[in-house]
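Reader: I'm new to this one. Can you show me the structure and then walk me through it?

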Amino acid sequence: MGRQLGYRLRLFGWALSLITLGVLALALLGFVAVGTVSIAVWVGLPILLLSVRGVRLVADAHRRFATSLLGEPVESPYLKPVRGNLLVRLRAVASDPATWRDLVWLLFASTVGLLLSLLALVESVLDLIFWWLPPGGLLTLQARLCRAMLRPTDRTRSAQRIQQLTESRALTVDTNAAELRRIERDLHDGAQARLVAIGMNLGLAEELLARDPESARQLLTEARESNSIALAELRDLVRGIHPPVLADRGLVGAVQALALAAPVPVEVHTDLDERLAAPVESAAYFSIAEALANVIKHSGADQASVRLGRGADALDIQVQDNGVGGADAENGTGLRGIARRLAAFDGTLTLTSPTGGPTTLVMVLPCALSSPKTLPSSGTA
Ligand SMILES: Nc1ncnc2c1ncn2[C@@H]1O[C@H](COP(=O)(O)OP(=O)(O)OP(=O)(O)O)[C@@H](O)[C@H]1O
Ligand SMILES: [Mg+2]
């Protein structure tokens, strides 16, 4: 009975809020009309942009209403906002199919919707008085109509997907260009400089060989040393591109090696018993390496763990520590680097790090996995 009353009171509250939102929708319809008429003069642009933002807020409030009444999520269909001047932003908003659907819905919300809300208010008052009446019929009808008009369609979903892919492609190109520049710089400043020095030393030694064999010997020794350093640098560079441990032992083995080398105890849990495509292994390895480097550098943790598991067509990675927390991707390049690396595969990074800890990084890396075996193996390093 108490629950019934609570529910009926909630319906009353919703009806009141919907009326307010309906009036707002009516006002916004007016703003959209004024903005459209005055678009020829500059002032129409900001009015339209502000109205669209308002419409989205009101529509999102209706989505939340439909979600909680129908118990099924109604997601937002909008594209991410773009930066730029008013014209660029208006063009982006106009090319979002969800904007046009919102306008149709706005017509409904400010007329039929508002009327329905008024009737629903009357109904909810009657429901409170005559408690045997089945409650919330009109509100449910309104929630269904809102859901039908406001939920993402195939068209808005593919627009969102295209935007996401365009962004991740741009990130990939950026990341690849940055990586190439790094390799070029490392080669230029490292091995190339040493090879030049070796060449000069050898030339001088050649000249001195007959006159001053002792100096020539010294130069040859220097050249040999430079040669070893250049080799070591080249080896490091190659390791940075595709670490040999990854090629030899696969992702799980390489992550176990990372864990063993860490000064903090790191547990590795995994149900992965297959090799993945080399680029995927490499992206996962470097992301985990950076996450563990952060644990060591910043967290002050005395325990960390790495989990590698198979998700739906994706590799799920979790790196967790029991340290101080407060990680923020804005304060460095490492976490953003991970996000970029994963974005190249359409993957994602989710960081949870409240002050006081713990810090958890969840990385999802889409890739083809064979079907799971019945008995997962698990290892600890
Ligand atoms: N596991 C962690 N625990 C606590 N704080 C963290 C953790 N990881 C990162 N942080 C905080 O978040 C910030 C951003 O980390 P990020 O890896 O992006 O940069 P960085 O490690 O400082 O530098 P780099 O660019 O060399 O990686 C760090 O400066 C640190 O303060
Ligand atoms: Mg870092």
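Author: One term to begin with. Buried means under 20% relative accessible area, exposed means over 50%, and partly exposed is in between, using a 1.4 Å probe and protein chains only. By that rule, Trp14 is buried at 15% relative accessibility. This is a predicted model, where local features need pLDDT of at least 70, side-chain atom pairs count only at pLDDT 80 or more, and totals for chains, interfaces and linings use all residues. Residues are numbered from 1 along each chain as its sequence is written, chains are lettered from A and ligands numbered from 1 in the order in which they are written, and side-chain values use heavy atoms, with hydrogens and water left out.

Reader: How many aromatic pairs does the structure hold?

Author: Two. Rings of Phe, Tyr and Trp (its six-membered ring) pair if their centres lie within 6.5 Å; planes under 30 degrees apart are stacked, over 60 edge-to-face, and the rest tilted. Trp14 pairs edge-to-face with Phe65, at 5.8 Å between centres and 75° between planes.

Reader: Where do Trp14 and Phe65 lie?

Author: Trp14 is in helix α1 (residues 2–37) and Phe65 in helix α2 (residues 44–70), so the pair ties together parts 51 residues apart in sequence. Helices (H or I, at least four residues) are DSSP runs, numbered from the N terminus.

Reader: Is Phe65 buried or exposed?

Author: Phe65 is buried, at 4% relative accessible area.

Reader: And what about Tyr285 and Phe286?

Author: Their ring centres are 5.4 Å apart and the planes are at 75°, so that pair is edge-to-face. Tyr285 is buried at 10%, and Phe286 is buried at 18%.

Reader: Which residues have polar atoms by the oxygens of ligand 1?

Author: Thr333 is one of them, with a polar side-chain atom 2.4 Å from a ligand oxygen. An N or O atom in the Asn294 side chain is 2.8 Å from a ligand oxygen. For Asp328, a polar backbone atom is 3.1 Å from one.

Definitions and conventions
Polar contact = N/O pair within 3.5 Å; in protein donor to acceptor, adjacent residues only side chain to side chain. Helix = DSSP H or I, 4+ residues; strand = E, 2+ residues; numbered from the N terminus.
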